[in-house]
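Let's take a walk through this one, stopping at a handful of places worth a look. Have the viewer open as you read.

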Amino acid sequence: MNEMITENIRIIQQRIDKACKTHNRNPQDVKLLLATKTVPAERIEIALRTGQTLIAENKVQELKDKFEYLNTIPHVNHFIGHLQTNKIKDILKYNVSCIHSIDRFDLAEKLHQRLLKENKTMEVLIQVNTSFEDSKYGVSPTEVLDLVRQIATLNTLQIKGLMTIGLLSAEAKKIRQCFQLLKHIQQEIIALHIPQVSMEELSMGMGGDLEIAIAEGATIVRVGTAIFGQRPTADSYYWNENL
Ligand SMILES: *Cc1c(COP(=O)(O)O)cnc(C)c1O
């Protein structure tokens with residue numbers, strides 16, 4: 001079991017390196033993020049002991065449950081799940097350094113208010129629904145620019161880039177279109193030169209499509225199953241708006 005995690009990480013890292021080579025990317029510019037939803041802290045520890053540093057949860061409850069165990073092991077916590085406004089207070093307790101899933105102004109505004117109160121700041125990515133599926137979270141591509149402009153006025157939030165989930169299990173061509181769209185939006189935002197807005201991060205690509213994502217400019221690829229194995233819970237539990 002433990003050897004499997006170590007071996008899987010090696011394989012994923014190899015795929016990342018190979019894709020970088022093929023597409024003239026510097027491997028230093030592509031971070032591997034371990035998506036750890038449903039993975040027990042003991043197994044996450046194994047991954048961290050191999051030298052991995054970046055992990056992310058989807059739910060504040062899981063972040064909380066594993067926090068104490070993992071706290072003494074050096075790592076960086078991001079958050080990649082749908083964030084409810086009533087969880088904002090909680091998420092600030094667990095050393096999350098970047099939230100990838102900011103997709104609406106009221107959420108950003110409430111997060112800002114809480115950060116002000118606690119005299120903190122937070123890095124955020126704007127999640128974009130590049131697959132145009134109703135079931136997916138994320139701001140629609142037509143509304144991203146306005147949302148970025150609005151959020152840029154909240155001085156506790158540092159916009160660092162964009163995130164998308166993209167189409168799952170579809171043809172490579174359609175997946176690629178999602179990533180190209182995110183890249184295109186990134187370029188549009190860069191051209192606007194909005195003060196305090198950085199577009200250095202593109203969080204896109206997962207176990208099945210990280211090569212395509214790297215080809216299209218990903219700086220963070222998020223991998224779970226391909227490292228930790230199948231999850232007991234259906235993905236809809238994490239991704240469906242109605243749950
Ligand atoms: C779970 C998850 C991933 C990783 O998915 P796998 O299929 O486990 O590789 C990536 N991004 C987000 C937002 C996730 O919730």
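First, the ground rules. This is a predicted model, so to speak of local features we need a pLDDT of at least 70, and side-chain atom pairs count only at pLDDT 80 or more, while totals for chains, interfaces and linings use all residues. Residues are numbered from 1 along each chain as its sequence is written, and side-chain values use heavy atoms, with hydrogens and water left out.

**The ligand site**

| Residue | Ligand atom | Distance |
|---|---|---|
| Lysine 37 | oxygen | 2.6 Å |
| Arginine 222 | nitrogen | 2.8 Å |
| Threonine 225 | oxygen | 2.7 Å |

The protein covers 94% of the 380 Å² of accessible area that the ligand has on its own. Accessible areas come from the Shrake-Rupley method with a 1.4 Å probe, and for residues only the protein chains shown count as cover.

**Leucine 33**

Now step over to strand S1 (residues 31–35), where leucine 33 sits. Helices (H or I, at least four residues) and strands (E, at least two) are DSSP runs, numbered from the N terminus. Is leucine 33 buried or exposed? It is buried, with a relative accessible area of 0%; buried means under 20%, exposed over 50% and partly exposed in between (1.4 Å probe, protein chains only). Leaving aside neighbours within four places in sequence, leucine 33 is in contact (heavy atoms within 4.5 Å) with Leu54, Ala56, His78, Ile80, His100, Ile220, Val221, Arg222 and Val223.

**Helix H2**

Helix H2 (residues 41–49) is largely enclosed by the rest of the structure, because seven of its nine residues are buried. Those are Ala41, Arg43, Ile44, Glu45, Ile46, Ala47 and Leu48. What do they pack against? Their partners are H1, S1, strand S2 (54–57), H3 and helix H9 (225–228). Just after H2, glycine 51 takes a positive phi of about 110 degrees.

Asparagine 24 is in the loop between helix H1 (2–22) and S1, and it counts as exposed at 75% relative accessibility. Asparagine 119 is in the loop between helix H5 (105–118) and strand S5 (122–127), and it is exposed too, at 73%.

A polar atom of the asparagine 129 side chain lies 3.0 Å from the backbone nitrogen of phenylalanine 132, and one lies 2.9 Å from the backbone oxygen of glutamate 133. The side chain of glutamate 133 also makes a polar contact with the side chain of serine 131 (2.9 Å). A polar contact is a pair of N or O atoms within 3.5 Å; within protein, one must be able to donate a hydrogen and the other to accept it, and residues adjacent in sequence count only if both atoms are side-chain atoms.

Not counting residues up to four places away in sequence, asparagine 129 touches Lys136, Tyr137, Gly138, Val139 and Pro141, while serine 131 touches Lys136, Gly166, Leu167 and Cys178. Asparagine 129 and glycine 166 are 37 residues apart in sequence and 7.2 Å apart in space, C-alpha to C-alpha.

**An aromatic pair**

Last stop: the count of aromatic pairs comes to one. Phenylalanine 67 and tyrosine 94 form it edge-to-face, at 5.2 Å centre to centre and 65 degrees between the planes. Rings of Phe, Tyr and Trp (its six-membered ring) pair if their centres lie within 6.5 Å; planes under 30 degrees apart count as stacked, over 60 as edge-to-face and the rest as tilted. Phenylalanine 67 is in helix H3 (residues 60–70) and tyrosine 94 in the loop between helix H4 (88–91) and strand S4 (96–102), 27 residues apart. Both residues are buried.
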